[in-house]
Amino acid sequence: MRSRPTSTLVLVLLAAGARVAAEAQEACADESAATTPHSKLFTAEELAVYNGENGQKIYLAILGDVFDVSTGAQHYAKGRAYHHMAGRDSSRSFTTGDANGVGRTDDIDNLSTDELSAVADWHGFFVNHEVYTRVGKVIGRHYDANGVATGIFPWKKLAEEKKNSQELKVLLPGCNSKWSQDEGSVIWCTTKSGGVTREWIGFPRLLTYANGKKKRCACVPPERVYEKAAPAIGGTLE
């Protein structure tokens, strides 16, 4: 009996993993409609009180979920690097790095997919933190006055994008690279380059994504080495 090709098996496992991740993210959003230990609702004004000053705890919010980060006072207390996030929902600044003015907002409009993914990753950081605890929700763009998720954050779209990215990584893995004063930049492929173990080595090609804004070196399988298109992303190979 012939064994299933390694790349096919990896794709199956990645697809299953992406489905589990999407279901977990949806569950996190759906949880907003249920009564949970962290279902306390805050207005923006009420949340602002918890800024670590005058003996108060330090709360911050991201995507409408409020977390007690008092144990991280070295990061969030007054005078510390991230105090601008205390007592408010600064979802946008988690990806823009804006510590002043309009950047300290829960408004995520016009953020790119990569920026939204970064916000989602930071949300996951707080959800899964060993010490920080989720204590409630803030009424605003992400939760209504009843604590129900507004659905403004594209969890499903991001899960699909991540699944596609993982599949592309298997189909067209990244290259190895190094730079030295004598040789300059050198790129090459191996059976493990790009973090993908496979039977073929491949040939280095420049992969340009559909929007033209993102490029990377990709190891192309021998049977596709002369192709100029990357149908999976609507991009090109050079």
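The predictor's confidence in each residue is expressed as pLDDT, on a scale from 0 to 100, and contact is taken to mean heavy atoms within 4.5 Å. The structure described here is a predicted model, in which local features need pLDDT of at least 70 and side-chain atom pairs count only at pLDDT 80 or more, whereas totals for chains, interfaces and linings use all residues. Residues are numbered from 1 along each chain as its sequence is written, and side-chain values use heavy atoms, with hydrogens and water left out.

Across the chain the pLDDT averages 84, and 82% of the residues score at least 70. Over residues 1-16 the pLDDT is below 50, and this stretch has 14 contacts in the model beyond near neighbours in sequence. Over residues 24-35 the pLDDT likewise stays under 50, and the model has 20 contacts for these residues beyond four places in sequence. Among the elements of the chain, the lowest mean pLDDT, 46, belongs to helix α1 (residues 6-30), and the highest, 98, to strand β3 (residues 65-68).

The secondary structure comes to 6 helices and 10 strands, where helices (H or I, at least four residues) and strands (E, at least two) are DSSP runs numbered from the N terminus. Of the 238 residues in the chain, 36% are buried; buried means under 20% relative accessible area, exposed over 50%, and partly exposed in between, with a 1.4 Å probe and protein chains only. Among contacts between residues at least 6 apart in sequence, 55% join residues at least 24 apart.

Helix α6 (residues 155-171) has 17 residues, which at 1.5 Å a residue should span 24 Å, and its end C-alpha atoms are 24 Å apart, in agreement with that value; the expected span is 1.5 Å times one less than the number of residues in the helix. The buried residues of α6 are W155, L158, A159, K163, L168 and V170.

A nonpolar core is a set of buried Ala, Val, Leu, Ile, Met, Phe, Trp, Tyr and Cys residues joined through side-chain atoms within 4.5 Å. The largest such core has 21 residues, of which L60, I62, V69, Y76, F126 and F153 touch the most other members. Two or more residues of this core are given by each of β2 (59-62), α5 (113-127) and α6, and the largest share, 4 residues, comes from α5. Another core, of 8 residues, lies apart from it and has L207, Y209, A230 and L237 among its members.

Aromatic pairs are formed by rings of Phe, Tyr and Trp (its six-membered ring) whose centres lie within 6.5 Å, with planes under 30 degrees apart counted as stacked, over 60 as edge-to-face and the rest as tilted. By this rule the count comes to 13 aromatic pairs. One of them is the edge-to-face pair of F42 and Y59, with 5.9 Å centre to centre and 85° between the planes; the pair links distant parts of the chain, F42 lying in strand β1 (residues 40-42) and Y59 in strand β2, 17 residues apart. Both F42 and Y59 are buried. F125 and F126 also form an edge-to-face pair, at 5.1 Å centre to centre and 80° between the planes. F125 counts as partly exposed because its relative accessibility is 36%, whereas F126 counts as buried because its relative accessibility is 1%. Beyond its neighbours within four places in sequence, F126 is in contact with L60, I62, F67, V69, Y76, F94 and Y132.
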